Amino acid sequence: MTEFCEQVNPPVLLEMRRMRPFPEMHRMQESWVAAAEKRALLWLAAHTPRWIGPDHLTVLGLAAQIGAGICYALAARNQNALLAVIACLALNWLGDSLDGTLARARQQLRPRYGFYVDHMVDSFGALALMSGLALSGYMHPWIAIGLLVAFLMLSIQSYLATHALGEFRLSFWRFGPTELRILLATGNLALLWKPQVHFLGGHYKLFDVGGAIGLAGMALMVVFFTAQNTVRLYCEERIMK
């Protein structure tokens with residue numbers, strides 16, 4: 001049927017693709033704050049004015065994350081900008097977390113559109129945030145680049161698992177985006193008090209130590225879940241001799 005439409009009637013093929021249902025997926029959210037966060041988001045969705053839609057929140061989340069990156073860059077000259085980063089992270093949480101909940105609460109789901117746009121927005125936002133950290137002077141640029149690469153690798157692994165296994169993992173080892181925002185906000189407050197720490201016999205920037213630990217953890221997650229999913233798929237699709 002597809003070959004016939006491609007050769008004879010392209011508009012029919014376009015309509016078939018448009019109406020194709022989005023594959024069912026199991027959302028796996030097992031982070032530390034998932035239960036409390038879900039209750040808060042449902043309350044916020046129920047009290048959100050009708051003129052605010054999911055797309056508005058998506059734009060808010062992206063703008064806030066870009067703002068966080070800009071404030072990190074400004075913190076190189078004025079450390080008070082670190083407090084503005086915390087405000088931006090809070091707005092990013094609101095926009096990034098509430099948009100999907102609001103769409104589900106109002107029965108305005110657009111699964112393919114939402115999946116694609118939301119995760120491209122996350123990629124652009126991560127680029128802005130890590131660029132700001134690299135320019136801030138509080139983290140070595142190579143560590144910021146490494147964190148960005150690790151984030152993108154973990155994202156790729158998650159998206160491929162969604163397609164191959166029908167499972168969309170929102171958290172890894174009980175850590176999700178919200179926990180990372182909380183850690184980052186806490187780190188910003190610590191920077192105002194003690195930007196350098198004593199670690200393994202030397203003095204290092206606080207965010208260099210934290211970034212290196214985070215990078216190692218994310219790299220381990222990529223390797224672990226890639227291996228786990230590879231073994232699972234291999235067992236599910238054995239070649240029968």
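Visitor: What relative accessibility does Arg110 have?

Guide: The model is predicted: local features need pLDDT of at least 70 and side-chain atom pairs count only at pLDDT 80 or more, while totals for chains, interfaces and linings use all residues. Residues are numbered from 1 along each chain as its sequence is written, and side-chain values use heavy atoms, with hydrogens and water left out. A residue is buried under 20% relative accessible area, exposed over 50% and partly exposed in between (1.4 Å probe, protein chains only). Arg110 counts as partly exposed, its relative accessibility being 46%.

Visitor: How many residues apart in sequence are the parts that Asp55 and Arg110 tie together?

Guide: The two side chains meet in a salt bridge at 3.1 Å, N to O; the term denotes a side-chain nitrogen of Lys or Arg within 4 Å of a carboxyl oxygen of Asp or Glu. Helices (H or I, at least four residues) and strands (E, at least two) are DSSP runs, numbered from the N terminus. Because Asp55 lies in helix H4 and Arg110 in the loop between H5 and H6, the parts tied together are separated in sequence by 55 residues.

Visitor: Which residues do salt bridges with shared partners join into one network?

Guide: Glu167 meets Arg232 in a salt bridge of 3.0 Å, N to O; Glu167 belongs to strand E2 and Arg232 to helix H9, so this pair ties together parts 65 residues apart in sequence. Arg232 also meets Glu236, at 3.1 Å. These two residues of H9 are four apart, about one helical turn. The shared partners give one network of Glu167, Arg232 and Glu236.

Visitor: What phi does Gln107 take?

Guide: Gln107 is in the loop between H5 and helix H6, and at 67% relative accessibility it counts as exposed. Most residues other than glycine have a negative phi. Gln107 is not a glycine, yet its phi is positive, at about 55 degrees.
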